Amino acid sequence: MNDVSRETPPALPEPPAAVQGVFASARIPLLRAYAESLATDGVVRGLIGPREVPRLWDRHLLNCGALAGLMPEGSSVADIGSGAGLPGLVLAIARPDLTLTLIEPLLRRTVYLQEIADQLGLDNVTVIRGRAESVHGKERFDVVTSRAVAPLERLLTWSMPLVAAEGALIALKGSAITEEIEEARSVLSAFGCAEPEVVPVGEGLIPEPTLAVRVCWADPSRAGRLMKVESQSGRRKANGAAARRRQRRP
């Protein structure tokens, strides 16, 4: 009996009232269907842990939904390291005007992403199996987003080569974002980025507001011409900075 109970995912709670402030009423049935899928199939397939189910709304879905408010109307958006679709699928549900490309290297995750996008009828979603680097030089997007993928210095090397000249990296981050920005200074300079902007997400709307970082090109006219050189230089600087931190650890 104990073995069976451990294998049974916890029940998904009812959505909190804050959902009404973040998602249009017409989109909430889609969001609930996605949440139910994460809480059942997502747990069974190892996409989220069973302990995340009770806090799925507050900790995951609502802050991803609140991020939608930072996306310009009609934008093309790439979600790198999409995982189970956070934030990419939530953005596709919240904002049908957006065009989402979910980039994820693991097969089992991309299979799930395509299945749930098809089940929900999200025709604004494309799923690509691969790392962000596999898309470099092929496509560029108005927004490149991510959630809990990597520190900013590494995230820049994966994301900025995908950012259009007038676009931006807009990633969900935690309270350590100020420190991440300082650690990424050399990479920001190598890529020719403008000063990062830290933006509150969900204040006054959701129980657990968080932060996002927005990074644009300092000179959009240079973005296309210098992309390859900046990408290589940025990767070298990010790898070097990571190696130095490892050496400093006791």
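**View A. Who does Gly-88 touch beyond its sequence neighbours?** Setting aside residues within four places in sequence, Gly-88 contacts Asp-79, Leu-100 and Leu-102, where contact means heavy atoms within 4.5 Å. Gly-88 sits in helix H5 (residues 88–94). Helices here are DSSP runs of H or I with at least four residues, strands are E runs of at least two, and both are numbered from the N terminus. With a relative accessible area of 0%, Gly-88 is buried; buried means under 20%, exposed over 50%, and partly exposed in between, using a 1.4 Å probe on protein chains only. Ala-78 is ten residues from Gly-88 along the chain, and their C-alpha atoms are separated by 7.7 Å.

A quick word on what you're looking at: this is a predicted model, so local features need pLDDT of at least 70 and side-chain atom pairs count only at pLDDT 80 or more, while totals for chains, interfaces and linings use all residues. Residues are numbered from 1 along each chain as its sequence is written, and side-chain values use heavy atoms, with hydrogens and water left out.

**View B. The whole fold, before zooming back in.** The protein has ten helices and seven strands. Of its 250 residues, 50% are buried. Take the contacts with a separation of 6 or more: 69% of them are between residues 24 or more positions apart.

**View C. An open sheet of seven strands.** The strand order reads S3-S2-S1-S4-S5-S7-S6, and the pairing is mixed; two strands count as paired if DSSP finds at least two bridges between them. At the edges are strand S3 (125–129) and strand S6 (197–201), each pairing on one side only. On average, neighbouring strands are turned by 25° against each other, direction ignored. Such angles run from 0 to 180 degrees between N-to-C directions, with axes fitted as lines to C-alpha atoms, for helices over the stretch in contact.

**View D. Parallel pairing around strand S2 (residues 99–104).** Strands of a sheet pair through backbone hydrogen bonds, either parallel or antiparallel. S2 runs parallel to S3, joined by five bridges, and Leu-100 stands opposite Val-125 in S3. S1 and S2 are also parallel, again over five bridges, with Ala-78 opposite Thr-101 in S2. Five of the six residues of S2 are buried, so the strand is largely enclosed by the rest of the structure.

**View E. Antiparallel pairing around S7.** S5 and S7 run antiparallel and share six bridges; look for Ile-170, whose bridge partner in S7 is Arg-214. S6 and S7 are antiparallel too, with five bridges between them, and here Val-198 has Val-213 of S7 as its bridge partner.

**View F. Two helices against the sheet, H4 and H7.** Helix H4 (residues 56–67) lies across strand S4 (141–145), strand S5 (163–173), S6 and strand S7 (210–216), and runs at about 155° to S5. Helix H7 (residues 152–159) also packs on the sheet, where it touches strand S1 (76–80), S4, S5 and S7. The direction of H7 makes about 145° with that of S5.

**View G. Helix H3 crossing helix H6.** Two packed helices are described by the angle between their axes and the distance between the axes. The axes of H3 (residues 28–44) and H6 (residues 107–120) come within 10 Å and cross at roughly 145°. H3 brings Leu-30, Ala-33, Tyr-34, Ser-37, Leu-38 and Asp-41 to the contact, and H6 brings Tyr-112, Ile-116 and Leu-120. That makes seven nonpolar residues, one polar and one charged. For the sorting, Ala, Val, Leu, Ile, Met, Phe, Trp, Tyr, Cys and Pro are nonpolar, Asp, Glu, Lys and Arg are charged, and the others, Gly among them, are polar.

**View H. Leu-12 in its loop.** Leu-12 is found between helix H1 (2–7) and helix H2 (19–22). Its relative accessible area is 16%, so Leu-12 is buried. Not counting residues up to four places away in sequence, Leu-12 touches Ala-35, Glu-36, Ala-39, Val-53, Leu-56 and Trp-57. Leu-12 and Glu-36 are 24 residues apart in sequence, yet 6.9 Å apart from C-alpha to C-alpha.

**View I. How many disulfides are there?** The count is zero, taking a disulfide as a pair of cysteine sulfur atoms within 2.5 Å. For Cys-216, the nearest cysteine sulfur belongs to Cys-193 and is 9.0 Å away. Cys-216 is partly exposed, at 27% relative accessibility, whereas Cys-64 is buried, at 0%.
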